[in-house]
Amino acid sequence: MDTTTAKRDGAVTGGFDHASAVYDRLVAGSPGYHAHLRISARRLDPGALAPEPLVLDLGCGTGASTAALLHTLPSARIVGVDASEGMLDEARAKPWPDTVSFHRARVEELTPEWAAEHLGGPADAVFGAYLIRNCPDPGLALDVMRDLLRPGGRMVLHEYSVADSAAARAVWTAVCRGVIIPAGRMLSGDAELFRYLWRSVLEFDGRRALLERMRGAGLVSVASAPMPGWQYGITHTFAGMRPEPRR
């Protein structure tokens, strides 16, 4: 990671730390936010997973994605990981069953050895909500996520992607300027994280480009599906699988 990237990454993490106390209030005002996370969690294809799967929730934040996974996979062992201590403090303060735990780490720091030490082995599934766009090197992050999966394990990304649609970019900009940035400034006292959110989505991969990144990371059965409602064409599920070894 070069110095510029490190500064950017640290600034984003600091922004999440600053906004962590009001983050749940902000997303509560977003129509469909929690329902959409549950839709993406279902796209892990629970019936194809082990009866008590190990699921990594990367970029878990305050635990909204963790709750969606728990709702969809109540028998799963879920491990949430995030770089922001402030967001993790909010997540840990919520009531969870013993099958849910949280760790502080950046995605790029995770290795199969880390998984062996902290999880007992590779994950059956990896879930990343609003994560890959915030990673300094999305390609590296996808390689790391793939390596954390067992062969045949499933990966789902829940992410904004508007680069392929002028209409989606226009709606996203209107919502950010009219709602997200003003609300973020009012509740947190600082709009910078929310201006970053607006810009980062506009600058991120289109749907086709992200699917190609996933294939480039060696994932198979790669596909995407949109969210319903006003976020149609803005928020998507991206799914793939680590291939089984050839016999």
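Author: Let us begin with handedness: a crossing is left-handed if the near helix is turned anticlockwise from the far one by less than a right angle, and right-handed if clockwise. Helices (H or I, at least four residues) and strands (E, at least two) are DSSP runs, numbered from the N terminus. By that rule, H2 and H3 cross in a right-handed sense. This is a predicted model, in which local features need pLDDT of at least 70, side-chain atom pairs count only at pLDDT 80 or more, and totals for chains, interfaces and linings use all residues. Residues are numbered from 1 along each chain as its sequence is written, and side-chain values use heavy atoms, with hydrogens and water left out.

Reader: At what angle do the axes of H2 and H3 cross?

Author: Axes are lines fitted to C-alpha atoms, for helices over the stretch in contact, and angles run from 0 to 180 degrees between N-to-C directions. Here helix H2 (residues 33-42) and helix H3 (residues 64-72) have axes that come within 8 Å and cross at roughly 55°.

Reader: Which residues of H2 and H3 meet?

Author: Contact means heavy atoms within 4.5 Å. On the H2 side, Tyr 33, His 34, Leu 37, Arg 38, Ala 41 and Arg 42 meet Ala 64, Ser 65, Ala 68, Leu 69, His 71 and Thr 72 in H3.

Reader: How are H7 and H8 oriented to each other?

Author: Helix H7 (residues 166-188) packs with helix H8 (residues 192-203) at an angle of about 160°, their axes being 8 Å apart. The two helices, H7 and H8, are therefore roughly antiparallel to each other, and H7 passes H8 in a right-handed crossing. Among the residues making the contact are Trp 172, Cys 176 and Ile 180 of H7 and Phe 194 and Trp 198 of H8.

Reader: How many disulfides does a search of the whole structure find?

Author: A disulfide is a covalent bond between the sulfur atoms of two cysteines, and the criterion applied is a pair of cysteine sulfur atoms within 2.5 Å. The search of the whole structure finds 0 disulfides. For Cys 60, the nearest cysteine sulfur, that of Cys 135, is 13 Å away. For Cys 176, the nearest cysteine sulfur is also that of Cys 135, 19 Å away.

Reader: Is Cys 176 buried or exposed?

Author: Buried means under 20% relative accessible area, exposed over 50%, partly exposed in between (1.4 Å probe, protein chains only). Cys 176 is buried, at a relative accessible area of 0%, and Cys 60 counts as buried at 3% relative accessibility.

Notes:
Parallel < 35°, antiparallel > 145°, perpendicular 65-115°, else oblique.
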